[in-house]
Amino acid sequence: MSTPKLSTRPLKGTRDFYPEDMRLRNWFFGKIREALELCAFEEYNGPMLEPLEIYAAKSGVELASEQTYNFTDRGGRELSIRPEMTPTVARMVAARINELTFPLRWYSVQNFYRYERPQRGRLREFWQINADIFGSDSYEADFEIISVAINLLRIFGADESMFRVHINNRRLFGDVIASVAKTDAEGVKAISKVIDRREKIERVEYENELRMLGLGDAEITKIDSLYSMSLDEIISLCPDSKGAAELGELFRTLEATGLSKYCVFDFGIIRGLDYYTGTVFEVFDLAPENNRAMFGGGRYDNLVGLFVERNDISGVGFGLGDVTLENFLRTHNLIPDLGGRTLVLVTRFDDVPYEKYTAILSNLRNAGIAAMIFFGSKKLGKQLEYASKAGCTHAIIMGAGELAGGVVKIKDLGTREEQVVEYSRIAKYFGK
RNA sequence: GUGGGAUUAGCGCAGUUGGUUAGCGCGUCAGGUUGUGGCCCUGAAGGUCAUGGGUUCGAUUCCCAUAUCUCACCCCA
């Protein structure tokens, strides 16, 4: 009679990362880290737990109240497991605002939790790269962030046939809607909630909701027409809008630097997070099976001001999740063979003292060659089989005869070729 | 939160129109006379047929619920 056993499955929406999974994740995050470091970003980190209110304030009702893992700790504090990084990094920046040098370029690679129904491209635990620039209001920082985002896909070999960056500006969007609907900021917010769902709800319902907000048929028709306008046409509706200037400069620069082939103006990009104020963008995977935004970001002017009495530190950044990135890389065949490193198994025989083998092991490791020794005594064939299955590239074989001659046999497990090598030249065989 | 599909050995799958010991492939382990692995041969281990109820003389099979996976919706990365 044995006791009932516990489940070996990870919790719903979470994943175990076995060594082969880690190899993949380490590979693509490693490449991204390297690229971000080259772009002069520095890595930071923060806690996984934060007070609930830092999300409740600005992230949006849906995310803060329904999609976070919230709980009360033993001290009675209302906490959230972080569903995103931006409030944390804004808090960190605010805490040292008087000593940091701006503009500041920071990135992190961390895991996040959101309580949602899992599906393709979306789980409950995911890892995300976050890269942000704080302390620059200029369109140049918007451009930098978007060009870095594009670069992160290009380092994997992605080209303009595989993804597209859809770009809009919330200030411009708000000004255009305000002028069309002849309303104020509050009215714009209510109207934008409706038109954000324009493609997702019934046309009748859409029109009814807009009418309830005071719009007439002429305004509704006008809003429809916005979606087929070019950027220049949109800008001409509100030529004095600060957002128009920002977006105009941004697109001029994208054009001039050859990045416009990756980008498109899209008046429909709003983004769900409430804290965005200026440029917003979403990167779409052009493969039809990955039919959701791969990642996105934008500018947020007021987050640092949640923590300190400052309204001059604006941020712009993006978050790139591992789930959608992996789907992208797999779908477009951008993942190479990740094998590679030399790994040596020292095999053993019973008639040679054990310490003769551990000496070889130490020599290999001291020379910077990954190596292990076989445990127990089994037939050589079994030892080689183990080596092969364990991912070894080479085996070292030394019996009494070789020991007496001061040599070992090094077997290449791929080609099955053997070479007799002098004991002192083992490391040299491996190029070390 | 809403709806569809799925769940049989570690993995991938058969199967039972409800009837005694549920199969196959791969994988794992052991052996094929103890110093050479990927092929081959032999053998073994491994399943309360997702879980809990119901119908029935009898349920892995039919019904219901739950869980998990998966796809879409909502929302979002």
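Predicted model: local features only at pLDDT ≥ 70, side-chain atom pairs only at ≥ 80, totals over all residues.
**Entry 1: domains**

I began with the domain assignment of chain A, which gives domain 1 (19–331) and domain 2 (343–429). I then looked up the spacing of the two parts. The C-alpha centres of domain 1 and domain 2 lie 54 Å apart.

Eight strands make an open sheet with the order 1-5-6-11-10-9-7-8, and the pairing is mixed. Which strands stand at the edges? I found strand 1 (42–43) and strand 8 (263–265) there. Each has a single partner strand, so one side of each is left without a neighbour in the sheet.

Helix 12 (residues 322–331) does, and it touches strand 6 (125–134), strand 9, strand 10 (293–300) and strand 11 (315–321). The direction of helix 12 makes about 60° with that of strand 11.

I picked one strand pair to follow. Strand 7 (residues 163–169) pairs with strand 9 (residues 279–285) in the antiparallel sense, over seven bridges. Within that pair I looked up Arg164. Its bridge partner in strand 9 is Phe284.

**Entry 2: Asp322**

I went back to helix 12 for a single residue. Asp322 has its place in that helix. Is Asp322 buried or exposed? I counted 22 C-beta neighbours inside 10 Å, so Asp322 counts as buried; the cut-off for buried is 20 or more.

I listed what Asp322 touches, leaving out residues up to four places away in sequence. The list is Arg25, Phe126, Trp127 and Gln128. I also took one distance. Met294 is 28 residues from Asp322 in sequence, and their C-alpha atoms are 9.5 Å apart in space.

**Entry 3: Asn311**

Asn311 is found in the loop between strand 10 and strand 11. It has 10 other C-beta atoms within 10 Å, so Asn311 is exposed. The cut-off for exposed is 12 or fewer.

Not counting residues up to four places away in sequence, Asn311 touches Asn302 and Gly305. I looked up Asp301 as well. It is 10 residues from Asn311 along the chain, and the two C-alpha atoms are separated by 7.4 Å.

I tested the length of helix 5 (residues 139–154). At 1.5 Å a residue, its 16 residues should span 22 Å. Its end C-alpha atoms are 22 Å apart, which agrees.

Then I looked for buried residues in helix 5. They are Tyr139, Ala141, Asp142, Phe143, Glu144, Ile145, Ile146, Val148, Ala149, Leu152 and Leu153.

In soluble globular proteins, nonpolar side chains tend to be buried together. The largest has 74 residues, and Ile145, Ala149, Val165 and Val283 touch the most other members. Helix 5 gives the most to this core, with nine residues.

What is Ala149 in contact with, leaving aside its neighbours within four places in sequence? I found Val165, Val283 and Phe318. Apart from this core lies another, of 16 residues, among them Ile369, Ala387, Met398 and Ile410.

I found an open sheet of three strands, in the order 2-4-3, with antiparallel pairing. Strand 2 (49–51) and strand 3 (69–72) stand at its edges. Each has a single partner strand, so one side of each has no neighbour in the sheet. The twist averages 35° from one strand to the next.

I followed one pair here too. Strand 3 and strand 4 (residues 78–81) pair in the antiparallel sense over four bridges. The bridge partner of Thr72 in strand 4 is Glu78.

I finished with strand 15 (residues 407–412) and its partners. Strand 14 (residues 394–397) pairs with strand 15 in the antiparallel sense over four bridges. Ile397 has Lys409 as its bridge partner in strand 15.

Strand 15 also pairs with strand 16 (residues 418–422), again antiparallel, over five bridges. Val407 stands opposite Glu422 in strand 16. Lys409 has Val420 as its bridge partner in strand 16.

Strand 15 and strand 16 form a hairpin with five residues between them. In the turn, Arg416 has a positive phi of about 70°. How many of the five residues of strand 16 are buried? The number is zero, so strand 16 lies largely in the open.

Technical notes. Residues numbered from 1 in each chain as written. Chains lettered and ligands numbered in written order. Pairing = 2+ DSSP bridges. Helix = DSSP H or I, 4+ residues; strand = E, 2+ residues; numbered from the N terminus. Contact = placed C-beta atoms within 7 Å. Axes fitted to C-alpha atoms, helices over the stretch in contact; angles between N-to-C directions. Domains from an automatic or database assignment. Expected span 1.5 Å × (residues − 1). Core = buried A, V, L, I, M, F, W, Y, C linked by C-beta atoms within 7 Å.
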